Protein chains: 2
Amino acid sequence: MYKLYEFPSSGNCYKLRLAMSQLNVDYERIPIDVTRGESRTEAFLRINPNGRVPVLQVSEGVSLPESNAALWYLACDTPLCPTSKLEQAQVLQWMFFEQYSHEPFIATSRYWISILKAADAYREQLEEKRPKGYAALDVMEQHLAHNSFFVGDAYSIADIALYGYTHVAHEGGFDLQAYPAIRGWLERILRSQNYIPISH
Amino acid sequence: MYKLYEFPSSGNCYKLRLAMSQLNVDYERIPIDVTRGESRTEAFLRINPNGRVPVLQVSEGVSLPESNAALWYLACDTPLCPTSKLEQAQVLQWMFFEQYSHEPFIATSRYWISILKAADAYREQLEEKRPKGYAALDVMEQHLAHNSFFVGDAYSIADIALYGYTHVAHEGGFDLQAYPAIRGWLERILRSQNYIPISH
């Protein structure tokens, strides 16, 4: 059985729980409290030398760090991933967009505001992150204005990757009022089969 | 024929030129000077709404942003990518590591110091990036101390992705003297078939 090393309120970890729920995959959850340094212990660094969660242990001694690589492993041969080479590359395109242009701004703001509850201490950094987070939301809104999902008009791990932190963007101080296409897409995912919330 | 929209001195763009050279793929180069705002024009934003290079145009009207997604598209069915699901996920793991934990620190430092030639103006930001860049190099060194390449002991697009900015890390102020395993790996790539330098 898979083991998921995770910090439960992390959107990156939730991506994997949501995918595994929707794929009917069983797994064991192993909590790692990143706010208490548990992802930087000697024992955990043997599992992921980069000191981050999630890590998906796929078999004894074989662990996959990086949420989107683990999503790919779980879903690459399921209906949550397209079959053509071009659409698979487009799934990856949006997953790299998520990790480079979205997560460092929206997820980090949420971490400071809602997990650490330290908005005052991070005021300056939060101001720097805000326009970059909104720029990512703008790119998503433009795409979703003409598409139901990110790739091939079908729900895939590209959507799961972007859903992880977009649906809790308000916890990072981002207002989705001006993003009707994103809000419609969030609704569609909320109604998808075997959906589970982040707090599950 | 493929078209590559690129800023030639960008490591992200070089990744694709190196891969296409090694795969004997022909392509046309279209220079986009990011220092002059050419990646943010209305015309370019129609090609990539995220306003970044490289973009690989794979056919008329079909463009792939995100260097590592384009690498995947070019190489997923070639000897530059492994065939097993686990090793493919490990290739992606290292490519996500590159974009999240390596590029934002090492590539950005190089951009400020060697492309914009503005080290003084970015002194404070450079100091903040330095330990994070070295942390990424530490993770690479640890892996390469026991492995010739990043996945399955064979040269792959995971190596090309990480090579892009690691081999010019000194242009970002990073000293590889303390990283003998990385230096050995750089040498192996330099000797790989159909290698081309970044300035090619």
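Trainee: Which residue of chain B comes closest to the rotation axis?

Mentor: That's Tyr100(B), whose C-alpha is 3.1 Å from the axis. Keep in mind that this is a predicted model, where local features need pLDDT of at least 70, side-chain atom pairs count only at pLDDT 80 or more, and totals for chains, interfaces and linings use all residues. Residues are numbered from 1 along each chain as its sequence is written, chains are lettered from A and ligands numbered from 1 in the order in which they are written, and side-chain values use heavy atoms, leaving out hydrogens and water.

Trainee: What rotation superposes chain B on chain A?

Mentor: It takes 180°, with 0.0 Å of shift along the axis, and the RMSD is 0.0 Å. That's the relation of a two-fold axis.

Trainee: Why is the contact of Glu6(B) with Arg17(B) called a salt bridge?

Mentor: The rule wants a side-chain nitrogen of Lys or Arg within 4 Å of a carboxyl oxygen of Asp or Glu. Helices (H or I, at least four residues) and strands (E, at least two) are DSSP runs, numbered from the N terminus.

Trainee: How do you know whether Glu6(B) and Arg17(B) are buried or exposed?

Mentor: Buried means under 20% relative accessible area, exposed over 50%, and partly exposed in between (1.4 Å probe, protein chains only). Glu6(B) has 1% and Arg17(B) has 0%, so both count as buried.

Trainee: Where is Arg29(B), and what does it pair with?

Mentor: Arg29(B) makes a salt bridge with Glu6(B), again at 2.5 Å. Arg29(B) is in strand β2 (residues 27-31) of chain B, 23 residues away from Glu6(B) in strand β1. With 32% relative accessibility, Arg29(B) counts as partly exposed. Over in chain A, Glu6(A), Arg17(A) and Arg29(A) are linked in a network of salt bridges.

Trainee: How many salt bridges are there over all chains?

Mentor: The count is 18. One of them joins Glu128(A) to Lys132(A), at 3.6 Å. These two are four residues apart in helix α5 of chain A, which means about one helical turn between them. An α-helix has 3.6 residues a turn, so residues three or four places apart point the same way. Glu128(A) is exposed at 52%, while Lys132(A), at 38%, is partly exposed.

Trainee: What makes helix α3 of chain B largely enclosed?

Mentor: Nine of the nine residues in α3 (67-75) are buried, so the rest of the structure largely encloses that helix. Among them are Trp72(B), Tyr73(B) and Leu74(B).

Trainee: Why does Gln22(B) count as buried?

Mentor: Its relative accessibility is 13%, so Gln22(B) falls under the cut-off. Gln22(B) belongs to helix α1 of chain B.

How values were computed
Copies are superposed by least squares on the C-alpha atoms of residues with pLDDT of at least 70 in both.
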